[in-house]
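Morning, everyone. I have one structure to show you today, and I'll keep it brisk.

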Amino acid sequence: MEHYIVKGGNSLSGEVEIAGAKNAALAILAASIMTNETVTVENVPDVSDIRAILKTIEVIGGYVEKLDRHTFRINGSGISKDTPVDNEYVRKIRGSYYLIGSLLGKYKKADVALPGGCNIGLRPIDQHIKGFRALGASVRLASGRVAARADRLVGSHIYMDVVSVGATINIIMAAVMAEGNTTIENAAKEPHVVDLANFLNSMGARIKGAGTDVIRIKGVSTLHGTNYSIIPDQIEAGTFMFAAAATRGDVTIKNVIPKHLESITAKLLEIGCQIEESDDMVRVVATRRLSRTNVKTLPYPGFPTDMQPQITCVLGLCRGISIVTESIFENRFKYVDELTKMGANITVEGNTAIIDGVEQYTGAHLSSPDLRAGAALVIAALAADDYSEIFDIKFIERGYEDFPEKLRKIGAHIEKIDTDEDKRNSCYASDNSDLHIPNRDI
Ligand code: UD1
């Protein structure tokens, strides 16, 4: 079974290049079919969630041409508006729900299977539906699909009851070609909301205020083709920043927008890291054992929930007692049991983790419960004093391009193993170790 073997204990050092933002790419690729002209999207990350949305676009009749590993030419003119979007790919990923907004916005009709994605809480879509209805669509949920249709979509004033990235993006897409003006209040301000708005504006949409909590949209009758490059991935960058901190390393993370990393940088400074920044890079240096802090996840510009497992795993090694409060999703501490197997001293009470830092983690058999938690367990394994095996890496591969390769480039001992043969040929076998990975409960 595919898994990673990690030999911990090396300080990471060197340079790593960050890919395009997965969550921005999901929205932008879904929006790329809203014109009948050709769209070229650059800096698309090569991860399984993105391959799934591209496959979905092809299955429903869109034309997808891969120009190079990260650049795609897409044409949505062949899409059949009457065929339900329901296939093995669409049900796998959260981002497939963006096809509801894009198809409804373009054809005034969408019938899309309900999204999959990480199991980190209930993840309702009531705010998406509220927005579509406010624009004049009728929306029905049946047989695991969302069916929305309208004779006309008409601009409206929509107040979001919760700050939702997905609902904000979906309502923007449904509103860009509606008649008249739409205002979204209490909108999400995440960098990928801004990226999606910039992308649509480059296609002729008229969206103002993305990045603030009030977004104003003037409907246009049609969108045209464009060339667009996706922003760097804030969460991938943050993950490498915490990997540097956990291993007392010195890592320069390139192709980033430092402004998007401010909440992460602030926490790393608080716990005792040194940070250097320039236009498109950030360097994280940790030379000693780090100190405790508290953190609460919040919508942007607050500390991202998608960085919560990574900071928890670093705080598990810091001096003193830290408190991490998860305020976005209700089921996002499942990985703590895995960290406990490594010797972490963490108690979870409701949406709060109380962390009494230990000096060292020890290697263990680990299972990734979801995408970001999986990456956090890799960080913990890199800091541990022994070998770890990490299973269910399909979750990690949903959102991290070349994760083991990038980590190896900065000095990590990590290998992807599929068969016993791989294991025998891995550098660990030739390390003269007996691969004495502790066989703890999984
Ligand atoms: C997106 C990201 C995910 C990230 C999350 C929060 C994608 C594909 N995924 O997920 O990685 O963790 O933002 O930054 O971009 N909510 C409702 N009703 C709704 C919609 C959301 O109550 O209709 C609640 C959710 O349960 C959650 C909160 O709002 O408690 C935020 O969720 P949301 O921002 O919508 O997350 P996603 O878009 O699913």
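Predicted model: local features only at pLDDT ≥ 70, side-chain atom pairs only at ≥ 80, totals over all residues.

How many residues surround the ligand? The count is 22. The closest are Tyr97, Gln127, Ser164, Asp306 and Ile328.

What kinds of residues are these? The shell has 10 nonpolar residues, 7 polar ones and 5 charged ones.

Take serine 164. An N or O atom in its side chain is 2.6 Å from an oxygen atom of the ligand. At glutamine 127, the backbone takes part: one of its N or O atoms lies 2.7 Å from a ligand oxygen. Proline 124 also uses its backbone. There, a polar backbone atom is 3.3 Å from an oxygen of the ligand.

How much of the ligand does the protein cover? On its own, the ligand has 740 Å² of accessible area, and the protein covers 88% of that.

Next, which elements build the shell? Those that give two or more residues are α1 (22-31), α4 (126-134) and α5 (165-175). The most comes from α4, with 3 residues.

Zoom out to the domains. Domain 1 is 3-19 + 232-430, and domain 2 is 22-229. Each of them gives at least three residues to the shell around the ligand.

Now for the backbone. A general point: most residues other than glycine have a negative phi, and most peptide bonds are trans.

Here is where to look. Tyrosine 300 and proline 301 are joined by a cis peptide bond, with omega about 10 degrees. You'll find proline 301 in the loop between β17 (294-296) and α9 (308-315).

Then there's asparagine 43. Its phi is positive, about 60 degrees, although this residue is not a glycine. Asparagine 43 is also in a loop, between β3 (38-42) and α2 (48-59).

That's my tour. Questions, please.

Definitions and conventions:
Residues numbered from 1 in each chain as written. Heavy atoms only, no water. Near = heavy atom within 4 Å. Polar contact = N/O pair within 3.5 Å; in protein donor to acceptor, adjacent residues only side chain to side chain. Areas by Shrake-Rupley, 256 points an atom, 1.4 Å probe, with all protein chains shown as cover. Helix = DSSP H or I, 4+ residues; strand = E, 2+ residues; numbered from the N terminus. Nonpolar A, V, L, I, M, F, W, Y, C, P; charged D, E, K, R; others polar. Domains from an automatic or database assignment.
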